[in-house]
Amino acid sequence: MGSLFKKRMAIQLDVRMINRFLLFCLFVAPALGFAQTSDQTPIMSYGEPRQYEIGGITVTGAEFSDDNAIIGVTGLAVGDKIRIPGPDIPKAIKALWKLRLFTNVQIQKEKTIGDVIFLAIVLEERPRLSKHTYRGVKKSSHDDLNEEVNKYLLKGGIVTENVKSNASEGIRKYFVEKGYLDCKVNTIEEIDTSRTHSVLLVFDVNRGDRIKIKDIKFVGNESIKSKKLRRQMKDTKEKRRLFASSKFLKAKYDDDKNKVITFYNNKGYRDANFTLDSTWRDEKGHIVIQLNVDEGSRYYFRDITWKGNSIYDTTTLANVLGIKRGDIYNQELLNNRLRFSQDGRDVSTLYMDNGYLFFQVEPTEIAIEGDSIDLEMRIFEGPQATIDRVVIEGNDRTHEHVIRRELRTLPGEKFSRSDIIRSQRMIMNLGYFNAENLGINTPVNPDRGTVDIEYKVEERPSDQLELSAGWGGLQGVIGTLGVSFNNFSMRNIFKKDAWRPLPQGDGQRFSIRAQSNGRFYQSYNISFTEPWLGGKSPNSLTVATFFNRLTGGSRRLGTFQSLNIINGTISLGTRMNWPDDNFVSSTAINLQTLSLDSWSSGTLFRTDDGSTVTDGYFNNFSLRQTFARSTINEPIFPREGSRFSLSIQLTPPYSLFSNKNYSDLSVADKFRWVEYHKWRFDAEWYTTLVGKLVLKTQAKIGALGYYNSEIGTSPFERFQLGGDGLNNQQFVFAGVDIISMRGYEVDDIEANRDASGRSASTPVFDKLTLELRYPLSLNPSSTIYVLAFAQGGNAWRNLRDFNPFDIKRSAGLGLRVFLPMFGVLGFDYGIGFDKTGERSFRNLGNFNIVLGFEPE
């Protein structure tokens, strides 16, 4: 037994020694160079762990990393006690590997002195990126690819397999989104000999062919045609047309499938779903999609009951909901009528406009029998919420009272969703802020039953500078210099600190403009508008005056001619409460004098009998009353809303109080005091068709009447239809209303020419416009949009000849750029289909320029 016990003890000791030796080989030997390197190095035994004190630590191989930082990561420090073998060295190596900065990590023993050990950390760093480049890719795509690659690559950064993989995948996804589904990217790492320990990454791209969707098949759709279902897939299209986009993107494809199901749901098929979704490639590599549809039954609304309503009765709520028994079940329509309707015709708005901010309604299906669904509208009305604070932020130029006076949300008033929407529109209509970034927050305090309204605005430039030169034909070069300050502050004009660079922030408008060619033509005008006269109510006051002078010929040769106009206007506007507060009334008093001396150039002032007014001094004293209504919420690029304007301009009927025989008087005496009544009606609507595509519909009509048939229609205050409304404006001044007509010059309208072919004006006109607009940029610093238009209009020499169906038709394309400092810039190219003369493309087309303002 004793010998057997000794043998077992020996075996156990051998096992212990073997285990210790294996631990040393696995964990300590690879990290420590503790092997005997010379006869002078003592042989150390690792049969038993031994404790050492670290006497020093050195780092080699770290060119881009700080030595002290590396030592700190290891957790080792001079003076620490460590055991060898033990956990301290493996733990330090593991900490360095976690940094992923190195391709090789070793901790070696430099030497030992007694129980003191000196360690060396030997590292091999990963290479750094010097630059990257592409192969197989056009240079035009490099900038876009760099945006993707730079998400993962950093010049001078560490190159890891993960970094290379992410960058390569970013490139592949870029081309996949462009339809190159088979794109492959190979990343090549090359040594950069120009820099130490640096590499160059080359992305070798093989994008392959663009993969298109050949066919989208629907199976099982008996109630709705496949063509309608394909139309719901906005981003997944078949390749049917020459320039149509046809790309397969999985995420957008999934969204489009949901849109098809939503379309089914809105048609009453609430159980519709796809039983099979299959995609494959045909022999040419194109994608074929097959979607098997289970339409299910079509459902209808049956009984709709209301529960929990005490403020409004069931009849009122049912009328607002607008869904009747037997209507096709439509979940989207139901949600819109209950909440968040764009036109505000929903149950939530009904309650929220009365202060019930905490209102909730939950439609619950209580019965489904056959194809009929019964709903119970479970309402929680809650208490009324009162507005506590109204906060305005971001107005660093506009004074707060200018914004606050436009708000319909006032502290102490009941919360109203419609008032918030209206306040938002009023702020945008000021034209001082970026409409895209206008934010409204409504933090609620349920315990107090109050809500704060926070308006966050972003200022944008609103002043305009006009500096231009144009060629006026025989009149030569005409220069224009003008400035418009649309957020002026007259009360701070004498405060030195307010000139930054001009006093601004009170919402007043001040403009001054001069136009001249030095000798032939001169025009000067100045205007000032105070939108809140007195500061307590929205009553606006406008004061404006201008002087225009046009001369020609030579006094020495006896051919001199001139036209002088002096005009002054005072206008008072007020916001009306009836029929609603979108209406504005404006009353203006206008006094104008016209002086003609042998005038026979430009547009002639013609009477009804065909004679022209060439000499005389004429007075034009009139009163103009305008009623306008506007619901447009974005003045630069309107997407919805309308604007209507009806105006009548009257002079006193002087001839009715006189006993003169006007038929015997000369033209100059007959019109010395001009008399007329002038009517204008303008209307425009804006409708968003789909996405950002907007339809503008516009109608204009004007007529000039008279009091006394012996005098007839005034030669002044007429209309001139045609041209771009820009060049004509330079010469006609205020004697005529200029109405642009794209595709036609002034002389292309027969009524604008007298018997001798000279340009004249007319007492009647109409114009209709359809315009499709699509924005390229809605950035407030440069709003850009393209347009396509169809237009019709005409002018007549008297009201008896007026025929709204006798119009001159045109169509064309255009571009608009709005720059805050310069206003509207752009062009139109229109083709007039009803022009007389040669029927050539050159004769039919007409190119118009837009500078500073949109022509009427």
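**Reading the model**

Modeller: Happy to. The protein chain holds 15 helices and 37 strands; these are DSSP runs numbered from the N terminus, with helices being H or I of at least four residues and strands E of at least two. This is a predicted model, where local features need pLDDT of at least 70 and side-chain atom pairs count only at pLDDT 80 or more, while totals for chains, interfaces and linings use all residues. Residues are numbered from 1 along each chain as its sequence is written, and side-chain values use heavy atoms, leaving out hydrogens and water.

Colleague: What radius of gyration does the protein chain have, and what would a compact globule of 856 residues have?

Modeller: The radius is taken over C-alpha atoms, and the globule rule is 2.2 Å times the number of residues to the power 0.38. That rule puts a compact globule of 856 residues near 29 Å, but the protein chain has 41 Å. Along the principal axes, its C-alpha atoms fill a box of roughly 160 × 85 × 70 Å.

Colleague: Which strands does β23 pair with?

Modeller: Two strands pair if DSSP finds at least two bridges between them. Strand β23 (residues 561-575) is antiparallel to β22 (residues 539-552), over 14 bridges; here V543 has I570 as its bridge partner. Another 14 bridges join β23 to β24 (residues 583-597), also antiparallel, and G573 stands opposite S586 there.

Colleague: Is W599 buried or exposed?

Modeller: Buried means under 20% relative accessible area and exposed over 50%, with partly exposed in between (1.4 Å probe, protein chains only). W599 counts as buried because its relative accessibility is 2%. This residue sits in the loop between β24 and β25 (605-606).

Colleague: Which residues does W599 touch?

Modeller: Contact means heavy atoms within 4.5 Å. Setting aside residues up to four places away in sequence, W599 touches L550, Q561, S562, L563, F605, V613 and T614.

Colleague: How much of the protein chain is buried?

Modeller: Buried residues make up 43% of the 856 residues.
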